[in-house]
Amino acid sequence: MTDTAPPAAATDAGKPGPLGRWFGIALWKRIMAALVLGAIVGLLWGEGATSIAWIGELFVRLIRMLVVPLVFLTIASGVAALADPKRLGSIGIKTLAMYVFTTSLAVTTGLVVATLIAPGAGASFAGAVPKALTEPQDPARMFIEIVPDNPIGAMANGATLSIIFFAIVVGAGVIAAGKEAEPVRRLLTSGTAVMLRIVGFVMETAPFGVFALIAVMMGTTGPSSFLAIFKLALCVLTGATIVTLVIHGGIVVRLLAWLPPLPFFRGIADAIMVGFSTSSSSAALPVAIRVAERNLGVSPPVASTVLPLGATIGMDGAAMYVAMLTLFSAQAFGLDLSLADYLVIAGTTTIVAMGVAPVPSGSLFVLAAVLHAIGITPEQTALVVGFILPFDRILDMIRTVPNVTCDLSIATAVARWEKEIDVDEYLSARDV
């Protein structure tokens, strides 16, 4: 990768010391090693691994600390840097169209894989504790609340869409004010540079945070999570692989952006690892912006516009998973679905997936809307959620990966179309 590592500590003989050797290893390799070691320690330590849960929680809090200021500063500075408001409209339309396109493909993948593997056939809900879900928010109200009545309150509450809206307005105001707003433009640009540098500092703690998160997960659930719902886990793993490699790497990056996919996946490894270990595409956002600009050569205006929006509506992994759970439920309750039912599932899932909260197990909170569309009762939905929830963490980790690769592949494609990508830098993405 092209990120600059901290200065290496040298020994008297001129050779790097332990710190130098540590920082000399590519960050994603350190995170991967921590992930594997954490899994082994968790299996051996069992429930005792919960004693280091605070390390993982601290890492997640450090990442989340950066999300709100980074979203606001990057979007506002990115819009201001466009200078021409028409460019914002062009980028926005292409971005939204691409998210609808990839979400539709992800839903289709989920339906095909779940039809072939049939994870719900013969499933038993004996012992499952029903868990009712709150009613999904009214779409009209959700749309209205994008406009914040108090921007500071929206930031305090982490209302990402409201923050995005306000940041776009601020950036557009800087453009309209012209030379008088030049100090504000420079302030936003400098603020973004500072936040990205802080992201770099926080990412150096990632191996320790990931180690703790994985150790606790394996110590409390272990491989039994996969064995208990083996067929559904197989569906999620198969679908996530297809969505990540074929749709994002093959279709979006290779066919639509006309770029080789290998440098893409090599360049975004840090973001994938953070998304996988935290089960949150929102937590991976600061890292995604950093790798897009530094490893993929995506310009700040595009990265700062596409990626924060994607962290909110780019939920390909969640869309795929909700489609799979819908078929799982229908198969478990013995419902015969017609072609019209499949079309209803596809359409409903594509829409509601864009409202999935970018937090662990967020997919389950929109499941009721899709199951209701095919006649599954709230009581049955509560039973399904109660059955899935104890095993959902490890499935959530897997399906978060396509959420992250969705955002970065679309940012790459939009940057390519807008001529806002340094292709040489993209092609040179490598470990250093």
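Q: Why is K94 called partly exposed?
A: K94 has a relative accessibility of 28%. Buried means under 20% relative accessible area, exposed means over 50%, and partly exposed lies in between (1.4 Å probe, protein chains only). K94 therefore counts as partly exposed. The model is predicted: local features need pLDDT of at least 70, side-chain atom pairs count only at pLDDT 80 or more, and totals for chains, interfaces and linings use all residues. Residues are numbered from 1 along each chain as its sequence is written, and side-chain values use heavy atoms, with hydrogens and water left out.

Q: Why is E418 called buried?
A: E418 has a relative accessible area of 12%, and is therefore classed as buried.

Q: How do you know that R30 and E204 tie together separate parts of the sequence?
A: Their side chains form a salt bridge of 2.8 Å, N to O. R30 lies in helix 2 and E204 in the loop between helix 8 (182-203) and helix 9 (206-220), so the bridge joins parts 174 residues apart in sequence. R30 is buried, at a relative accessible area of 5%.

Q: How far apart along helix 8 are R185 and E182?
A: The two residues are three residues apart, which means a separation of about one helical turn. Their closest N and O atoms are 3.2 Å apart, in a salt bridge. E182 is partly exposed, with a relative accessible area of 29%.

Q: Why is L44 called exposed?
A: The relative accessible area of L44 is 73%, so this residue is exposed. L44 is found in helix 2 (residues 27-45).

Q: What makes the lining of the second largest pocket nonpolar, polar or charged by class?
A: Ala, Val, Leu, Ile, Met, Phe, Trp, Tyr, Cys and Pro count as nonpolar, Asp, Glu, Lys and Arg as charged, and the others, Gly among them, as polar. By class, this lining has nine nonpolar, one polar and one charged residues. Helix 13 gives the largest share, four residues.

How values were computed
Salt bridge = Lys/Arg side-chain N within 4 Å of Asp/Glu carboxyl O.
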